[in-house]
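Please walk through the core and the aromatic rings of the model shown here.

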Amino acid sequence: MNLSPAPIRESFNTRGLMSGAWIAWFSQVYKNLRAVSPTVSADMGDASITIKAGEAALTQRFNTTLTAGRNITLSSVNAFTGAKFRVVRQAGATGAFNLDVGPGLKTLTAAGQWCDVEYSGSAWILSAYGSL
């Protein structure tokens, strides 16, 4: 996370409104806080998705029968060292098809499996996995 110091010298412009530097700083603080706030997605359905740090819920739920192999692509856009996601294939996500997280980091082959991924600063890595 980049929480460089607030732009103290540019606190207000001549009309008493916030300067562009302050707006940018507060926007970055908000974005960073949102990226680490615990959130859970709705059922992501029977679809491949791309998730980005700071935009997607930290826990991604799949609870719909899979009718084809599906990919969960982890975007490096907005990713920061320590960014994390959990992908959960719940009991309703049956079917003979897999969820490929990464792709290539972990394949969830059956309902009731989950995995955690984390951004190392240069790439997404698998940090934990298991069964519910």
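**Core and rings**

F85 and W124 are both buried, where buried means under 20% relative accessible area, exposed over 50%, and partly exposed in between, with a 1.4 Å probe and protein chains only. The model is a predicted one, in which local features need pLDDT of at least 70 and side-chain atom pairs count only at pLDDT 80 or more, while totals for chains, interfaces and linings use all residues. Residues are numbered from 1 along each chain as its sequence is written, and side-chain values use heavy atoms, with hydrogens and water left out.

The structure holds two aromatic pairs. Rings of Phe, Tyr and Trp (its six-membered ring) pair if their centres lie within 6.5 Å; planes under 30 degrees apart count as stacked, over 60 as edge-to-face, and the rest as tilted. F85 and W124 make a tilted pair, at 5.5 Å centre to centre with 40° between the planes. This pair joins distant parts of the chain, since F85 is in strand β5 and W124 in strand β9 (residues 124-131), 39 residues apart. Strands are DSSP runs (E, at least two residues), numbered from the N terminus. The ring centres of Y119 and W124 are 5.3 Å apart and their planes lie at 65°, so this pair is edge-to-face. Y119 and W124 are both buried.

I72 counts as buried because its relative accessibility is 0%. Beyond its neighbours within four places in sequence, I72 is in contact (heavy atoms within 4.5 Å) with residues including I49, I51, F62, V87, L99 and V101. With the corresponding neighbours left aside, V87 contacts Q60, F62, I72, V101, L108, Q113, W114 and C115.

Two charged side chains sit over rings, which requires NZ of Lys or CZ of Arg within 6 Å of the ring centre and within 35 degrees of the ring normal. The charged end of R86 is over the ring of W114, 4.4 Å from its centre. The charged end of K106 is over the ring of Y129, 4.0 Å from its centre.

Technical notes: Helices (H or I, at least four residues) and strands (E, at least two) are DSSP runs, numbered from the N terminus.
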